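Welcome! Please take a moment to look over the sequence and the structure, and then read the briefing below.

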Amino acid sequence: MKLLKTLTATTALCAAGSMAGAQDMADDVTMVSWGGAYQQSQINAYAEPYMEMNPEVSITWDESSNEAVAKLRAMNEAGNITWDLVDVVAADALRLCDEGLAMEVDHDELLAPAPDGTDASDDFGDLIVSDCFIPQIVYSTTFGYRTDMVPEGVDAPDDICDVFDTETYPGMRSLEQRPINNMEWALLCDGVAKEDVYDVLATDEGQDQALAKLDTIKDSVIWWSAGADTPQLLADGEVFMGSTYNGRLFSAIVEQNQPIGMMWDAQVFDLDGWIIPTGLSDERLARVEDFLYFATDTQRLADQAKYISYGPARASSAPLVSTHAELGIEMAPHMPTDPENSKNTFLYNYEFWADYRDDIDAKFQAWLAQ
Amino acid sequence: MSDSTDTGPVLAADGSPLKQSLARALRREKMRALALIAPLLLFVVLTFIIPILSMLFRSVENQIVSDTMPGTVAAIQDWEAGTGEAPDELVFQHLFIDLFNASEAKEHTKLGTRLNYEQTGLSSLFRTSGRRLDDIGETYQDPLEEIDPAFEEADFWYSMMNGEGGEGLLEERRDMWNAQIGGGMDGDVGFVPSSAMIDMLPWTTTAYTDWAIWAAIEDEDVVAEEEPWEAVYGALGMDLRNPETAAAIAAYDGPGAEQLQAAVANMDQLPQIGFREAFAEMDEDWLDPEVWDTIAVYSPRFTSGYFLTAVDLKLSAEGVTAQPEDRQLYIKLFNRTLFMSLVITGSCILLGYPVAWLLANLPLRTANVLMILVLLPFWTSLLVRTSAWKVLLQQQGVINEILVWLGFVDDANRLILMNNQTGTIIAMTHILLPFMILPLYSVMKTIDPSYLRAAKSLGATNFVAFWRVYFPQSVPGIGAGSILVFILSIGYYITPEIVGGTDGVFISNRIAYHISSSLNWGLAAALGSILLVVVLVLYWLYDRIVGIDNVKLGG
């Protein structure tokens, strides 16, 4: 595992150093992302093009996004912010904003308008879930299943409730070791209407109901905590079906040719994007803003979809999504936002989970430990 | 020998008394020794003592509540928690001022996050209320400016509020800001509240002072040239509603008298509801007595709340109560951690003892090869070894495949060796085995083989010779190995996380969760402190029962 990948434009750096001084922008930028295929898509789609335009810039990548909130808080307490730009999921952006660790931004001022002149805030629309959050992609948490393990004479699972049907679809499942998503799915399959899910989940009875439903499959569940777990468990045949991020399943299916099918039903949309830590010096901030203007424009976000099957966050990017950079296949049908895939979807309820996360998690963990 | 004789003190070669000279030499010696260990001492203090102390501090620290809402916390002392009734208007007036300041400083969401650990829903209550406090202020600002446009002029406010004698209030409010945002509010404000105004319009003067400090230092504006923020208008509304203030204003003839009198005359244009109702209109949860119970219970600067949560209790308005059954977790995890650490230590002894014996008794050449076999995995990355166990143990893994192929296990009923306690015990026993073998080996190496021979020549059987002669001499090694393995395993994190599933995880996995995911560092610190105390107590018990002198790491 590469913990740190440093990209340096070494020779150009010294030559351009004095020139860059005039623009008052820092040349060394530390960006934080998730590593793996996702970070690679960011490097390909916008970090490298940006460095070609600005040869004096060198970007250091830190693969710490999954613990970014805790680390940023520690940096803030120590009074030494070493990161310039951090890639986090929207829920973390909300918390960083609440904690005063992420900077509030004016999206229209900071980001490029769409090619047709639409303001950035309208182009991103509802996806700007926090004043600190600059969305990049829409991803979804959904189920994949082993196509060769579907029992004979039975249709492949295509309904979220098939996860809870261990009679028709025997075998292990893998679910994320946290209440988020699992509780919603459990209620959906226990007869709660989609629009009532969060009202029900807000009550003690509703939480018990969801846990009782999960209890019916508890013995058949392997709980995962890293996004790579489910693809590995599916590839090894350890589980029959499991939830994970759609991009992970995409690479298992398309790039590694595993016998895995996508379920898509009741997939939960979530967002990933940038935040700027508070407390950057003016030069560093100027560089970050300059980078963000470029990296989140319509074309760059559409380019990212050549490398990974996550939907661009801008409405104006969607028509520009083309084919996979290496495999040449159309990317649109693999996007969570594709109409064929998004017949039945769920949107992560940020406000709800910001409030209920601690409480429901305590119950969920106590239930797991029983 | 006595150093004082009739002939006077014994002298050293240089003529100074020998006693002095000796003491000096001894002191020099000590200083030199101290200088030698200084780097290590400094290192230990910086990386070990200070973090542990700060962890202990964090597990009881709760200053955020009183730092963010000082007025509210002081006012709530008179309110009785647990009465089922939200506090009265006065508390809500303080809440308005405090929360307004906090939301300008963006501190209110931090407080919401903190209190949300104790009660669900407070996070969004504080977040959304912070955004809407401007609106409450505006319900006073707009009519006041309607009554007299002077109310929107910076000049008017400054000439009315600025004066002398209010240095005390200025410093008090400056301290409030410093506590709130952690310092940095020192410097010249260019404004001193007038003592006449403090007497006549206490709320307004306080709110104006708050704003003036913020404007002058944080925004670097000139106080005399800016219109104050909405909280000041809300505060004026509080003052005007007080009948005594109305009388004082009628008698007042300083700057702004005309406008204030106009405001008193047109009271009917101001909002007719109090702040309690205004807050309730904004979010009815503000009238929920449970919300106020939580704020009241967690208002002291130090709390036992984290420690109580860490042992499945709860601090509430009724005192200390048990957590509801469906939230009890930590005692179970502590017990499991202790139990499994014991099992792991036991299996390390069982597996490690024969290996150590072989190492100590085989010819050197063979023993060296065996030693390498012990050490090689020890030198391999922990993560690699744990992942390798995953490959071996999983249901489609190597062990199950071999058992199925041999016909010992039915294909449909493969053994579940992983994602449970079995997995954790197997993997951790393997990983910690060298910590048992090495101390055992170094102790066994020193046991003279002639003792065994002597025992046998005196008629002991192999077993008796081993049990009565050899084993007692190897006990110090077992002790040392057990302490190492037990203490290491009690704090283990990564292996249970990977192979432990749900019932094979330890308390440290929960600590990690609270550090990196839930950000409840106070609770994580409390759990960590308890773990530390448990280890110290066990060590003390061990010392009492076995005796720490009986522990040998070698020789």
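This is a predicted model: local features need pLDDT of at least 70, side-chain atom pairs count only at pLDDT 80 or more; totals for chains, interfaces and linings use all residues.

Residues are numbered from 1 along each chain as its sequence is written, while chains are lettered from A and ligands numbered from 1 in the order in which they are written.

**UniProt annotations on chain B**

- An unreviewed UniProt entry lists "transmembrane region" for several stretches of chain B, including residues 33-57 and 521-542; such annotations may be inferred rather than shown by experiment, and their positions follow the numbering used here, with feature names shortened.
- Residues 33-57 of chain B are 100% helix and 0% strand, and their end C-alpha atoms lie 33 Å apart.
- The unreviewed entry also gives "domain: ABC transmembrane type-1" for residues 334-542 of chain B.
- That span, residues 334-542 of chain B, is 79% helix and 0% strand, with end C-alpha atoms 19 Å apart.

Helices (H or I, at least four residues) and strands (E, at least two) are DSSP runs, numbered from the N terminus.

- Helix 21 (residues 421-444) of chain B and helix 23 (residues 462-490) of chain B have axes that come within 8 Å and cross at roughly 155 degrees; axes are lines fitted to C-alpha atoms, for helices over the stretch in contact, and angles run from 0 to 180 degrees between N-to-C directions.
- Helix 21 of chain B and helix 23 of chain B are therefore roughly antiparallel to each other (under 35 degrees counts as roughly parallel, over 145 as roughly antiparallel, 65 to 115 as roughly perpendicular and the rest as oblique).
- Among the residues making this contact are F435(B) and P439(B) of helix 21 of chain B, and G477(B) and L484(B) of helix 23 of chain B; two residues are in contact if their C-beta atoms, placed from the backbone, lie within 7 Å.
- The residues of this contact between helix 21 and helix 23 of chain B are 14 nonpolar, four polar and no charged; Ala, Val, Leu, Ile, Met, Phe, Trp, Tyr, Cys and Pro count as nonpolar, Asp, Glu, Lys and Arg as charged, and the others, Gly among them, as polar.
- The axes of helix 19 (residues 382-393) of chain B and helix 21 of chain B come within 10 Å and cross at roughly 135 degrees.
- Helix 19 of chain B and helix 21 of chain B are therefore oblique to each other.
- Their contact includes W389(B) of helix 19 of chain B and I426(B) of helix 21 of chain B.

**Domains**

- Chain A is assigned domain 1 (4-132 + 271-334) and domain 2 (141-266 + 344-369); domain bounds come from an automatic or database domain assignment.
- The C-alpha centres of domain 1 and domain 2 of chain A are 30 Å apart.
- Their contact takes 12 residues from domain 1 of chain A and eight residues from domain 2 of chain A.
- Chain B is assigned domain 1 (4-58), domain 2 (70-303) and domain 3 (331-550).

**Where the chains meet**

- In total, 25 residues of chain A are in contact with 29 residues of chain B.
- Helix 14 of chain A gives the most to the side of chain A that touches chain B, with 13 residues.
- That side of chain A has 10 nonpolar, three polar and 12 charged residues.
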